[in-house]
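Subject: Structure handover and findings

Hello,

The structure is below for you to open alongside this note. My findings follow it.

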Amino acid sequence: MRIFKALVFSSFSVLLSYIFIFQLGWAASSSSHSDPVAVSLAADIADAHATRIWEGSIARGKPFSLHKEDGTPFAYVFPYARNASEFPSYEKIFDTVRSAAQTHDIHDKRFYNAVTGSMGSFGCVEVSATRENFPILGVWHSLHPYFLYSETAADTARTRLKSDRVVLENMEYTGPHDLYFNFSSDKGKIKLHAYLLKTKEELYESYKGNTFPQNRIEAENDIIRKRREKAWEEVDNPKTRSLNDAYKWIDNYTLVPVVDWTHWCVPTAMTMTAGYWDHYDPRQGTWPGYGRIIDFWFDHGPLCQNSNVTNVPNFIDEIIDHSTCSWSSQGLVGALNTINGYNFSWTDIKGTAGNDWCWGDIVSEVNSNRPSVWGVGPAQAHAMTVIGYRYAGSQKSVIVYNTWGSTAEQQLAEYNYDQWGGAPNTKTGIGRLVPDGGTGLNHAILVSPRGGETLKGNSTITWFVWGDQIKWSIIQFSKDGGNTWSAVHDSLIPTNPGWNNFTAALNNTTSQGRIRIYCFSSILMYLAGDGSYRNFFVQGKADLVPVAACTRNSQGELIVRVKNQGTVAAGASVAQVEFFPGGAFDVQIPSIDAGSTAEGVVLVPSECWNPDCDFQIKVDVSNQVNEADEGNNSASSACIS
């Protein structure tokens, strides 16, 4: 590896390709670990599995390796382009990711949408590099984090190490959510978490000893060992390598709201599981009928364990106490039932050999069309939201949103049910959430603005209401990503079943605009609410007003001043001054920046002096400027003789 350490980290994607090809060859021939798996066999296993999962044509790219903490190979990662005949070059992928990152924050939903919009859909299959693990370890339904985060991590490493000579030695795997980039340079080494870009020591510190998982590898269970051996027998035989899959996803699984890792994995997974019962997806057009759980979405600031969250539902802060950075007094069930007025129940089911580590409970919850929280361990314990299951022969997978990533594509993954983080998954459990006491047919969703739009001045807010008990609504606007709110109207808005509209004056220029609605019964009982799913843009309007004063220059001309009290610049316009007596005269007014004043001059007719001169100023008489308020365009004054 010394030849690579001497290279400057300037051609990042090309260098990484060489490093991983080199490591793949070593992984196939090394005898320093038990029973290595040849790359060719691993590729056959990955192809058979990928063909069963993704419909249509797929194209496999160059594989790369994941490593254990001691540097020995752990798994091969085989990336696939879906609905494609050719896998793009690594250089093209990195160029596309880099371009998307210039426009959107990497944790913004629009970032990954921009990547897939340019290159299409991807996936990858992780196959064990040794027979001490199950053959199929995991499946991603997106680009692997290596493509998405490694360049940003390299920038961080250069800054932290104060060196331009930075090389990625390997990717260290201690669990699917504990992926680290190991960098070296002429100034030293650094290990950075793939998603949070922090060292392990910094992550321990951020958790403050609360819940950071410890690496507790226990003795392998004989049941899992026999199942693993059977799985290798199946994939070794080409005739049984492509066993038919049995799988199921919960109905309308896209109703599970995708929440990027916030506070830590358990509240994130709980919020997604609970949010399923109050989340409208326009692609589905359905709602489960619990409209008070998620009231709005907002950009969460750096608080407790958070440092990079851009868009989360408010419910997650109902189950966390920020003063302690741990659970709130009411917790999940209290937030659902005490705060939101429902009757949900939560059951913790501990996995044991007797219940096959909760496999039957996973299947039961999915078959009942309920998302649940899957806890795994003991190696680097983690919690995720279950939305389905898959099995073929002796290999079982749990389909999850894994809490890492801002889009459903990034989070959607399938993990081996029997193994987690290089060890048997014997510290597992299921958190079963069963809803009750819903709002029935009384529900409301914000239709627009949902996010991403550009609004100007007076804008139409649209929401749809089901049921006949919702009678009133309150609409609020945020210009800072949902952290502070203000009403856009003075009184309750009468609300009817079906479509409802309200025109609000949004004159704050911002790239972090959000709308939220609260809907009430006739006796003002809160029944349902919703909010913009992400930020929208507000380009406010100009607002021209005359400055009512008599100011004259040395030639005795009247100086006509016009102020733009709006939030965007106003183009050139025409003002009119009417003297009493003396007639009306047009005055050319140049463009005016927001908050600024411009002026023109007009000669005062001699007949106006009697002995004083009364006049009226009207701005934008030709309606050239789109203004926030057209009712404040005139003012009267007088010059005293």
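Helix 5 covers residues 109-119, and its buried residues are Lys-109, Arg-110, Phe-111, Tyr-112, Val-115, Thr-116 and Met-119. Buried means under 20% relative accessible area, exposed means over 50%, and partly exposed is in between (1.4 Å probe, protein chains only). Helices (H or I, at least four residues) and strands (E, at least two) are DSSP runs, numbered from the N terminus. The buried residues of helix 5 pack against helix 4 (90-103), strand 4 (122-128), helix 6, helix 12 (408-411) and strand 31 (536-538). Contact here means heavy atoms within 4.5 Å. Gly-120 follows helix 5 and has a positive phi, near 95°. An α-helix has 3.6 residues a turn, so residues three or four places apart point the same way.

This is a predicted model: local features need pLDDT of at least 70, side-chain atom pairs count only at pLDDT 80 or more, and totals for chains, interfaces and linings use all residues. Residues are numbered from 1 along each chain as its sequence is written, and side-chain values use heavy atoms, with hydrogens and water left out.

On confidence: pLDDT is the predictor's confidence in each residue, from 0 to 100. The chain averages 87, and 91% of the residues score at least 70. Confidence is lowest in helix 1 (residues 2-5), with a mean of 28. It is highest in strand 27 (residues 493-494), at 98. Over residues 1-23 the pLDDT is below 50, and this stretch has 55 contacts in the model beyond near neighbours in sequence. Residues 25-33 also stay under 50; the model has 18 contacts for them beyond four places in sequence.

Helix 10 (residues 331-339) has buried residues too: Gly-331, Leu-332, Gly-334, Ala-335, Leu-336 and Asn-337. Their cover includes helix 9 (265-275), strand 14 (345-350) and strand 21 (429-434). Gly-341 follows helix 10, and its phi is positive, near 80°.

Next, His-141. The residue sits in the loop between strand 5 (136-140) and helix 6 (145-161). His-141 is buried, with a relative accessible area of 8%. Its side chain makes a polar contact with the side chain of Glu-414, at 2.9 Å. A polar contact is a pair of N or O atoms within 3.5 Å; within protein, one must be able to donate a hydrogen and the other to accept it, and residues adjacent in sequence count only if both atoms are side-chain atoms. Leaving aside neighbours within four places in sequence, His-141 touches several residues, including Ile-53, Trp-54, Arg-82, Phe-122 and Glu-409.

Now the cysteines. With a disulfide taken as a pair of cysteine sulfur atoms within 2.5 Å, the count is 2. One joins Cys-550 to Cys-639, S to S 1.8 Å. That link is right-handed, with 100° about the S-S bond. Cys-550 lies in the loop between strand 32 (544-546) and strand 33 (558-564), and Cys-639 in strand 38 (residues 634-639), so the pair ties together parts 89 residues apart in sequence. Cys-550 is partly exposed at 32% relative accessible area, whereas Cys-639 is buried at 3%.

Cys-608 and Cys-613 form a disulfide as well, with their sulfur atoms 2.0 Å apart. The torsion about their S-S bond is about 95°, so this disulfide is right-handed. Cys-608 is buried at 0%, and Cys-613 is buried at 0%. Cys-358 is in no disulfide; the nearest cysteine sulfur, that of Cys-265, is 16 Å away. Cys-358 counts as buried at 0% relative accessibility.

Last, the rings. The structure holds 38 aromatic pairs. Rings of Phe, Tyr and Trp (its six-membered ring) pair if their centres lie within 6.5 Å; planes under 30 degrees apart count as stacked, over 60 as edge-to-face and the rest as tilted. Phe-296 and Phe-298 form a tilted pair, 5.9 Å centre to centre with 55° between the planes. Both Phe-296 and Phe-298 are buried. Phe-464 and Trp-466 pair edge-to-face, at 4.9 Å and 65°. Phe-64, Tyr-90, Phe-94, Tyr-146 and Phe-147 form one aromatic cluster.

Charges also sit over rings, which requires NZ of Lys or CZ of Arg within 6 Å of the ring centre and within 35 degrees of the ring normal. Arg-516 has its charged end over the ring of Phe-296, 4.6 Å from the centre. Arg-390 lies over the face of Tyr-247, 4.9 Å from the ring centre.

Best wishes
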